[in-house]
Amino acid sequence: MATGEINKLPPSLPPYPQMILSAIESLNEQNGSNKTSISKYIESKYGQLPGGHTMLLSHHLNRMKESGELVFWKNNYMKHDPNAPPRRGRGRPPKAKDPLSPGGMTLSPTRPRGRPPKDPNAPPNTIRPKLTTGSGKPRGRPRKMARPSGGMMSGETTTTSTMAGTARGRGRPPKVKAPFTEMSVEQ
């Protein structure tokens with residue numbers, strides 16, 4: 001719908017912003033008036049309204065809200081009161097913006113993201129000796145030690161792999177394939 005069609009009202013009707021403001025004033029609700037009560041008041045007072053009345057009402061309410069003539073709070077519209085404290089909506093309030101310097105420039109130059117590059121002219125760092133904690137133990141997890149031979153079992157019971165001299169690997173051993181033998185087909 002074009003803006004020219006929105007503003008076409010019968011000649012006897014006042015403009016929508018005027019009708020909306022008069023409805024809010026005459027309803028005089030403490031927390032403001034919602035769209036339905038404003039619409040019912042306008043219909044009862046002015047009688048015959050254009051076909052797209054609800055769309056026109058929504059359009060003008062949004063326009064008046066954006067221009068600051070009306071305040072929208074908890075689904076209600078009320079007239080803007082310059083003496084009233086500003087109302088907060090839900091959620092965390094936005095951060096306050098830092099005021100700019102008089103020239104409009106920021107106070108400090110913007111830095112690039114990430115770690116700054118090393119200065120090639122800087123002297124090399126001297127290697128510092130490692131500090132000991134005094135406990136005598138090395139830091140971290142201890143190294144894995146080889147299994148002691150013998151252990152809890154007697155020396156007589158040894159496995160076949162240790163007798164052969166090769167250590168058994170982890171996991172299931174591979175399947176041994178039978179050697180292929182050639183057979184003659186003659187009878």
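Predicted model: local features only at pLDDT ≥ 70, side-chain atom pairs only at ≥ 80, totals over all residues.
## Helix α3 and its span

The expected span of a helix is 1.5 Å times one less than its number of residues. Helix α3 covers residues 35-46, which makes 12 residues, and it reaches 16 Å from its first C-alpha to its last, close to the 16 Å expected.

Several residues of α3 are tucked away from the surface: Ser37, Ile38, Ser39, Tyr41 and Ile42 are buried. The cover over these buried residues includes α2 (16-27), α4 (53-67) and β2 (76-79).

## The chain as a whole

Stepping back, the protein chain has 5 helices and 2 strands. Along the sequence they follow the pattern α-α-α-α-β-β-α. The chain has 187 residues, and buried residues make up 16% of them.

If you take the contacts between residues at least 6 apart in sequence, 48% of them join residues at least 24 apart. The chain exposes about 18400 Å², and carbon and sulfur atoms supply 55% of that area.

Helix α2 can be checked in the way α3 was. Its 12 residues should span 16 Å at 1.5 Å a residue, and its end C-alpha atoms are 16 Å apart, so the two values agree. The buried residues of α2 are Tyr16, Met19, Ile20, Ser22, Ala23 and Ile24. Their cover includes α3, α4, β1 (70-73) and β2.

Leaving aside neighbours within four places in sequence, Ser22 is in contact with Tyr41 and Tyr46.

## The nonpolar core

Which residues touch the most other members of the largest nonpolar core? This core has 16 residues, and the ones in question are Ile20, Ile38, Ile42, Leu57, Leu61 and Leu70. The elements that give two or more residues to the core are α2, α3 and α4. Of these, α2 gives the most, with 5 residues.

Leu70 deserves a look of its own. Setting aside its neighbours within four places in sequence, Leu70 is in contact with Ile20, Leu21, Ile24, Leu61, Met64, Lys65, Tyr77, Met78 and Lys79. Two of the names in that list, Tyr77 and Lys65, come up again in the next section.

## Rings around Phe72

The structure holds 1 aromatic pair. Its partners are Phe72 and Tyr77, with 4.7 Å from centre to centre and 50° between the planes, and the pair is tilted.

How exposed are the two partners? Tyr77 has a relative accessible area of 5%, so it is buried. Phe72, at 33% relative accessibility, counts as partly exposed. Phe72 also has a charged neighbour: the charged end of Lys65 sits over the ring of Phe72, 4.7 Å from its centre.

## Loops and positive phi angles

Most residues other than glycine have a negative phi. Asn28 follows α2 and is found in the loop between α2 and α3. Its phi is positive, about 50°, although Asn28 is not a glycine. At 63% relative accessibility, Asn28 counts as exposed.

Asn75 is found in the loop between β1 and β2. Asn75 is not a glycine either, yet it has a positive phi of about 65°. With a relative accessible area of 54%, Asn75 is exposed.

Asp81 is found in the loop between β2 and α5 (160-164). Its relative accessible area is 41%, so Asp81 is partly exposed. The C-alpha atom of Asp81 is separated by 9.3 Å from that of Glu69, a residue 12 places apart from it along the chain.

Technical notes
Residues numbered from 1 in each chain as written. Heavy atoms only, no water. Helix = DSSP H or I, 4+ residues; strand = E, 2+ residues; numbered from the N terminus. Buried < 20%, exposed > 50% of the residue type's maximum accessible area, 1.4 Å probe, protein only. Contact = heavy atoms within 4.5 Å. Core = buried A, V, L, I, M, F, W, Y, C linked by side-chain atoms within 4.5 Å. Phe/Tyr/Trp six-rings, centres within 6.5 Å; stacked < 30°, edge-to-face > 60°. Lys NZ or Arg CZ within 6 Å of the ring centre and 35° of its normal. Areas by Shrake-Rupley, 256 points an atom, 1.4 Å probe, with all protein chains shown as cover.
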